[in-house]
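Student: I have a model open on my screen and would like to learn how to read it. Could you walk me through a few features?

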Amino acid sequence: MTADTVTDVFEEHRPVLLGVAYRMLGRVADAEDVVQEAWLRWAGADRTEVREPRAYLVRITTRLAIDRLRQVKARGETYVGPWLPEPYVTDFGDTVPDTAERAVLADSVSLAVLVVLESLSPLERAVFVLREAFGYPYAEIAGMLERGEPAVRQLAGRARKHVEERRPRYEVDPVQRRDLTERFLAAAEEGDLEGLMSLLTPDVRLVGDSGGKSKAPLRVLETADKVGRFIVGVAQKGGIPDLSIRFLELNAGPAILALSGDKPDSVFQLDVLDGRIQSVYVIRNPDKLRSLAAL
């Protein structure tokens, strides 16, 4: 391959590699670091024996992500308050024409699923991501991870059971979620507690992630009354100078980005079930909002 061809091949597969790395790590910066390391490996490799560049690159990226995840877990860092993944800008565009495939990819990158994936072992997470999100055959995953196929099937079964037992049910209809997101924002801005509570399920949960670096609840809030009063209270107090609001797609769903001037301050995203809001995610950790500054 010429230098241009080497770069072109890698750039063709970069979105897939970043998608694998992000689902493995839940952190945009870490995922980008892993993909950059994969590029260095690819650029310096003997490519004469590489028949399938995509499979080769996914294998490298997956192994690097497993190593990075093991390092994170080994450090045993304590996190202040609830943890949520770093928001990830998603736009499948024309790269995923199949509706069913698009739905699978959207589900696998949702905040709710990524929170559950945090509790898997690095190998379980790798197998789950490669199998459930990207549809790789067990035999191919076994080759990527240098494990026997029976072992990979066992890992997949264990991971799938774990995720299904813990993942909340939600609907991914983007039109309905966007409508409820807009109504949620309007009710909050107007201080309409009754209207806001009518949008919430009785057992709604609000999960705030500040990492101890900004103001957000240090415990999960539960029930429509507590969540509704908290949201209205925050909106009435203001507190964000030069506030502006943008709608964008994050983690395959509509989200609200609150900016202070041109600086990202908060992200709000909702999970919806049976036409009502069952989860409210609030991300205020400034470290997790840096990647949104350039949007």
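Student: Which ring does the charged end of Arg131 sit over?

Tutor: A charge sits over a ring if NZ of Lys or CZ of Arg is within 6 Å of the ring centre and within 35 degrees of the ring normal. Here, the charged end of Arg131 lies over the ring of Tyr138, 4.2 Å from its centre. Arg178 has its charged end over the ring of Phe247, 4.1 Å from the centre.

Before we go on, a word on the source: this is a predicted model, where local features need pLDDT of at least 70 and side-chain atom pairs count only at pLDDT 80 or more, while totals for chains, interfaces and linings use all residues. Residues are numbered from 1 along each chain as its sequence is written, and side-chain values use heavy atoms, with hydrogens and water left out.

Student: How many aromatic pairs does the structure hold?

Tutor: Rings of Phe, Tyr and Trp (its six-membered ring) pair if their centres lie within 6.5 Å; planes under 30 degrees apart count as stacked, over 60 as edge-to-face and the rest as tilted. There are three aromatic pairs here. One of them is edge-to-face: Phe10 and Trp39, at 5.3 Å centre to centre with 65° between the planes. This pair links distant parts of the chain, since Phe10 is in helix α1 (residues 3-25) and Trp39 in helix α2 (residues 28-44), 29 residues apart.

Student: Is Trp39 buried, exposed or partly exposed?

Tutor: Buried means under 20% relative accessible area, exposed over 50%, and partly exposed in between (1.4 Å probe, protein chains only). Trp39, at 21%, counts as partly exposed, whereas Phe10 is buried at 0%.

The rings of Tyr22 and Tyr88 have centres 4.2 Å apart and planes at 15°, so they are stacked.

Student: Which residues of α11 are buried?

Tutor: Helices (H or I, at least four residues) and strands (E, at least two) are DSSP runs, numbered from the N terminus. In α11, the buried residues are Ala224, Val227, Gly228, Ile231 and Val232. Down the helix axis they fall within an arc of 120° (taken from the directions from the axis to the C-beta atoms), so they line one face of α11. The face turned away from that buried side carries the exposed residues Lys226, Arg229, Gln236 and Lys237.
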